[in-house]
Each structure stands twice: as C-alpha cells, then as structure tokens.
Amino acid sequence: MYIATHEKTGERAALKKIKLECEDEGVPGTTLREVSLLKELHHPNVVQLKDVFYMPQESKLYLCFEYCDFDLKKYMKSLQYKLSGECIKSFTYQMLNGLSWCHSHRIFHRDLKPQNVLVDPKQGTLKLADFGLARAFTVPLRTYTHEVVTLWYRAPEILLGGKQYSVPVDIWSVGTIIPEMVTGQPLFPGDSEIDELFKIFRLLGTPNEELWPGVSKLQDYKVTFPKWRPQPLASAMPAMEAAGVDLAGRMLCYTPAARITAKASLDHPYFADLDRSIIGTKALPEQPRAAPAR
C-alpha cells in the first residue's frame, strides 16, 4: 500500500498496487471481484474506492482509496491498548453499521480483523477495508473455500471444514474483535487451526449436538476432541459492561444461524446510551501518542 497526494487539491489517498502476473490472461478474477464489489459500496463506514488506474507498461493495476492514518490495530497500539468504553462502543457500532449495509446488499467480507478496519481519529470514524476476499452471496448458499479469514478471527464452522457459510462468519469476527479492544489482547490467538479450535473450546466449551445442532456432520469434527465446559465470557473481558458482554456472546454463538445479525445488533441495549448523531463528526477522545509506522 502506498500513500499518494493529489497535485492540485493536496488530498491524500491510499494506493493499492496489484501486479498482473500474466498479462495475456487479463486482470485476475479476485481483483475484478474486489473492484466490482467496492464500486457498489457507498457507506460512511466502508472505505471508498475513488478510482482505478491501469499502467500497461508496468502490467500493474492501482486501486485508489480514501486515506486513513490508522488501522484499528495501529490505533490501539498507539494508545498502548487502552481504549475508553465510549470509544469501544462507537467503534463496535460503526463496524456493525458498515456490515449491516454490506450484508443487506448481499456482500460479506470474509476477512475481518483489526488490520482491515481503518480509523480516522480526527473525525471519530471507522471504516471497513480490504475487500479482497469479499463475496457476493446467493440463495441457496454456494460452496466456498475454507481458506478464508485470518486464523484468530475465523469462525468455527470454517475451522471445522464447513463449505457453505455466509454473513455469520463476519459477525463471529466482530465478536472476537470486541474483547480485543477491551483487553488489548487477541481473544483466540491460535498458532494452527487445531490450536485455534481448542482455544475457542476452552472458553466457549467443546461443541456437541446440544450446544451446536449439526456440528457432528462437519467434515473436520471429531468426537475425540477434548471436552471443555463453557466459561463465562465476562472472564475474557472483565472491564466490559454487562450489555457489551451480552452482545459479544450473541455474536460468538456456535450455531451460525443463531448468531445475532448486524442489523439486529444495532438495536442492542449496549448502544442505548450512544449518541449516534455525533458519530463521524467529533474527534475521538483518545488521540494517538505517536505517528503510525509507514
């Protein structure tokens, strides 16, 4: 990713360079998918694709996006991983607001993580970014690859080999990001797929047909998995208010169809005291202590 400045207006933008490996075969399908999806996304909580440039002499494609100083990971690091409750609530609401819009337009992200969420502290805004793995979903659901979503934020139905999945995978990812904003530490930092699963099981309990109807039919489910009992989610995010723990718990439900939707989440009691009228118009209370790494 590069930072560019418009010669006439001085406006900054982020440039994503894509090398076309085989010019004879044209632009890769993944790139065309990202461009076509991004051109459809016009929402204050989704990063805006401003333009697309093709440089035939370089065999490169440049995607020009609006620029934000920080991603969520860098922003948390700049504040020594100490976000206020007000900030966490605003960020969570904006993530869900962007997702609700995407999901209502039949698009799910599939790779939500703090590094793919951009933050503008001066405006107090958060924007979903990097839709390279995004998919437009259809009904009935198609079969997708399970090699999506960064491991720590990957939904259990994908980890267990599920091939048909949809918007609930994004909701699971948000459910793991909320505790990370609270504690500064990833909720499930697995170093392999099986380690990731076991970290999830230790907190939420080892799934069975009672906890998750249909789980035993997933390709990689084993009846020999170690048996852990569910632990209170509040133990993983002790500084979070009860309503926030409840919301995260509804997102981290094993059964995908039972997870709260992004749209329903926006009306959760956790946001009852959030002044939605000032979102995107007011600088964040926490300003970075240092410039982000380039």
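1. Glutamate 241 is partly exposed, at 38% relative accessibility. The scale: buried is under 20% relative accessible area, exposed is over 50%, and partly exposed lies in between (1.4 Å probe, protein chains only). This is a predicted model: local features need pLDDT of at least 70 and side-chain atom pairs pLDDT 80 or more, while totals for chains, interfaces and linings use all residues. Residues are numbered from 1 along each chain as its sequence is written, and side-chain values use heavy atoms, without hydrogens or water.

2. Glutamate 241 meets lysine 89 in a salt bridge, 3.2 Å from N to O. A salt bridge here is a side-chain nitrogen of Lys or Arg within 4 Å of a carboxyl oxygen of Asp or Glu. Lysine 89 sits in helix H3 and glutamate 241 in the loop between H6 and H7, so the contact ties together parts 152 residues apart in sequence. Helices (H or I, at least four residues) and strands (E, at least two) are DSSP runs, numbered from the N terminus. Lysine 89 is buried, at 5% relative accessible area.

3. The whole structure holds eight salt bridges. One of them joins glutamate 157 and arginine 259, at 2.6 Å from N to O. Glutamate 157 belongs to helix H4; arginine 259 lies in the loop between H7 and helix H8 (262-265), 102 residues apart. Both ends are buried: glutamate 157 has 6% relative accessibility and arginine 259 has 4%. Shared partners also link Lys89, Glu241 and Asp273 into one network of salt bridges.

4. Glutamate 66 and lysine 127 form a further salt bridge, 3.6 Å from N to O. It connects strand S4 (residues 60-66) with strand S8, across 61 residues. Glutamate 66 is buried at 15%; lysine 127 is buried at 12%.

5. S5, S7 and S8 make an open antiparallel sheet, in the order S5-S7-S8. Strand S5 (70-71) and strand S8 (125-128) are its edges. Pairing requires at least two DSSP bridges between strands. S7 (residues 117-120) and S8 share four bridges, while S5 and S7 share two.

6. Valine 117 faces leucine 128 as its partner in S8, and valine 119 has leucine 126. Aspartate 71 partners leucine 118 of S7. In the S7–S8 hairpin, with four residues between the strands, glycine 124 has a positive phi near 70°.

7. S7 is covered on both faces: Val117 and Val119 on one side, Leu118 and Asp120 on the other, all buried. H3 (residues 85-104) lies across S7 and S8, at about 40° to S8. Axes are lines fitted to C-alpha atoms, for helices over the stretch in contact (heavy atoms within 4.5 Å); angles run from 0 to 180 degrees between N-to-C directions.

8. In H3, 15 of the 20 residues are buried, so the helix is largely enclosed by the rest of the structure. Just after H3, arginine 106 takes a positive phi of about 65°.

9. The largest nonpolar core has 63 residues, and Tyr75, Leu83, Phe91, Leu96 and Met181 have the most contacts inside it. H5 gives the most to this core, with eight residues. Another core of 18 residues lies apart from it, including Ile18, Val35, Leu38 and Cys102. A nonpolar core joins buried Ala, Val, Leu, Ile, Met, Phe, Trp, Tyr and Cys residues through side-chain atoms within 4.5 Å.
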